[in-house]
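Subject: Structure handover

Hello,

Please find the structure below, followed by notes on what was found in it.

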Amino acid sequence: MYWSQGQVPGTMEDSAGVSVGAPLVEIRHLKSHLGETVALRGWVRNARTSKTRFVELRDGSGFVQCVVGANDADEASYELAGKLTQECSITLEGEVKAHPKTGEPEILVKKLELIGGSVDFPITPKDHGIEFLMENRTLWLRSKRQWAIIRIRHTIVKAIRDFFDGDGFTLLDAPILTPSSCEGTSNLFETDYFHEGSAFLSQSGQLYQEPGVPAFGKVYCFGPTFRAEKSKTRRHLTEFWMVEPEMAFAGLDDVMVLGERMVKFILERVLAEKQEELKILERDTAPLELALREGFAKMSYTEAVEKLKTLGSDINWGEDFGNDDETILMNAMDRPMWVHRFPKSFKAFYMEYDRENPDLAMGADLLAPEGYGEVIGGGERATSLDYLLEQIQHHGLDQKDYEWYLDVRRYGNVRHAGFGMGLERAVAWICKLPHVRETIPYPRMMGTLRP
RNA sequence: UCCGGAGUAGCUCAGGGGUCAGAGCGGGUGGCUGUUAACCACUAGGUCGGGGGUUCAAAUCCCUCCUCCGGAGCCA
């Protein structure tokens, strides 16, 4: 079924039995229908009544003000316009005009009909607390702010897929039900699994990407991951999305180059396609434009520790960045920054070590500016079988769980590297949100499982 | 898990031992020259988070439990 640009499927009588005469259009296309009579369907965001009545309508594609004048609309429609409640669904037709003050398209309504009523919509146009909003997450999604965030999230997801697809990567989906911890570093959700007894929800697709390297050269996975950590911070979810590319014949520097290209690809897309949404969020786009334009900063872990000390942190060499170390570091930074070559001690067992200093791991994290901190973590993978066996033992892992992983080294071993980017942290930074809980439609956190 | 804060109308909050259980928003009714978190008037709406205690008297003080928020830790 095909229809012309700006039209949506619909007939003279739509499914709700409401008569529609003029061609149905989506609000996002109104600019190209100035002067025409069109029909719209959607939900009432707000309605103001004076002699002339104003209905703020949204249809998911955008927002528009509809003007119902006593002399322009028929009597029943004018009457109805005075009784509309928040979030009732309506259909209307009228002429598309430019707003006398703002110049934005608005609708001079001729006819208005109710589709579905709405009594006492809980989320009123005033302030609400986060507890209440989270309890009403399904209804909260209708708000302008959530609309903007979720649409930007969508654009970021699409940009990520387009970036890797266009760069010769093959999608290699990683399993979500796994037999054991991938990295052995964090707590996993456990569930029953037939004869195996237990299965665990994946905390990373990383180990499943490496075997894809000899098979496809460049691979990526992009799906949900799970961490059962009791973390209660602005940057933690128990269920979050991660994109994890892995490539053959690549090292630490290649990871930083790839990650930077990907982030810039994402920024370019969002800035090109989501200006309206960024404006709704009152996001100052200057830092994003700067990140897109300039090369990302680079600093070794050792340099970062020195810098942190001058900024007042009590961190010592050998310790992982604490709670606010990333924040302190990135408040002082105007663009994303790679921090590389960490002490091996707090990194995953599969990390390659630095030939120039065996105490260091060939890892790199990308920290987002404006206080956001880590969005990407990755690096070069250890290639030596003997070294890996030693690391597995050292981390208290069972070698027989990893034989399939070690085969990557046994058969056609090559240098390879990759990274993982947490989608929600990227969305939070790009939208400049104070907390990741708004970056995903239905957040799962310690203490939040509903709705 | 630890530390701190908060639970009073549908929502956001004020009131902190004794004439008030209150305001704004939202709902209802009426008014209003194009409004935009519209505005104005009137109106309905409450087990002051649960339980226990102190007191002549508790929304208010004490204990306890629950929930949420912020932070720490853990982690990415």
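This is a predicted model: local features need pLDDT of at least 70, side-chain atom pairs count only at pLDDT 80 or more; totals for chains, interfaces and linings use all residues.

**A salt bridge between R355 and E352**

E352 is buried, at a relative accessible area of 4%; buried stands for under 20%, exposed for over 50%, and partly exposed for what lies in between, with a 1.4 Å probe and protein chains only. E352 forms a salt bridge with R355, the closest N and O atoms being 3.3 Å apart. A salt bridge here is a side-chain nitrogen of Lys or Arg within 4 Å of a carboxyl oxygen of Asp or Glu.

Residues are numbered from 1 along each chain as its sequence is written, chains are lettered from A and ligands numbered from 1 in the order in which they are written, and side-chain values use heavy atoms, with hydrogens and water left out.

**Other salt bridges**

The structure holds 30 salt bridges. One of them joins K264 and E260, at 3.2 Å from N to O. Both residues sit in helix α7 (residues 252-273), four residues apart, which is about one turn of the helix. Helices (H or I, at least four residues) and strands (E, at least two) are DSSP runs numbered from the N terminus. K264 and E260 are both buried.

D354 and R341 form another salt bridge, with the closest N and O atoms 3.4 Å apart. D354 belongs to strand β14 (residues 353-354) and R341 to strand β13 (residues 337-343), so the pair ties together parts that are 13 residues apart in sequence. D354 is buried, with a relative accessible area of 7%, whereas R341 counts as partly exposed at 23%.

There is also a network of salt bridges that links K158, D162, R269 and E273.

**Around RNA strand B**

RNA strand B is surrounded by 45 residues, of which the closest are N46, P125, R234, H236 and N323. A residue counts as near the strand if one of its heavy atoms lies within 4 Å of it. The surface near RNA strand B has 19 charged, 17 polar and nine nonpolar residues. In this scheme Ala, Val, Leu, Ile, Met, Phe, Trp, Tyr, Cys and Pro are nonpolar, Asp, Glu, Lys and Arg are charged, and the others, Gly among them, are polar. Elements that each supply at least two residues of this surface include β1 (37-49), β2 (53-58), β3 (63-68) and α2 (130-135).

Which parts of the RNA face the protein? Of the RNA strand B atoms within 4 Å of the protein, 61% belong to sugar or phosphate, and the rest to bases.

- K101: a side-chain N or O atom is 3.3 Å from a phosphate oxygen of RNA strand B.
- E131: a side-chain N or O atom is 3.4 Å from a sugar or linking oxygen of RNA strand B.
- K230: a backbone N or O atom lies 2.6 Å from a base nitrogen of RNA strand B.

E380, in strand β16 (residues 373-380), counts as buried at 7% relative accessibility. Its side chain reaches the backbone nitrogen of L252 at 3.0 Å. T91 lies in strand β4 (residues 89-98) and is buried, with a relative accessible area of 3%. A polar atom of the T91 side chain lies 3.1 Å from the backbone oxygen of L40.

**Helix α14**

Helix α14 (residues 423-431) is mostly covered, with eight of its nine residues buried. Among the buried residues are W429, I430 and E424. K432 follows α14 and has a positive phi, near 55°.

Regards

Definitions and conventions. A polar contact is a pair of N or O atoms within 3.5 Å; within protein, one must be able to donate a hydrogen and the other to accept it, and residues adjacent in sequence count only if both atoms are side-chain atoms.
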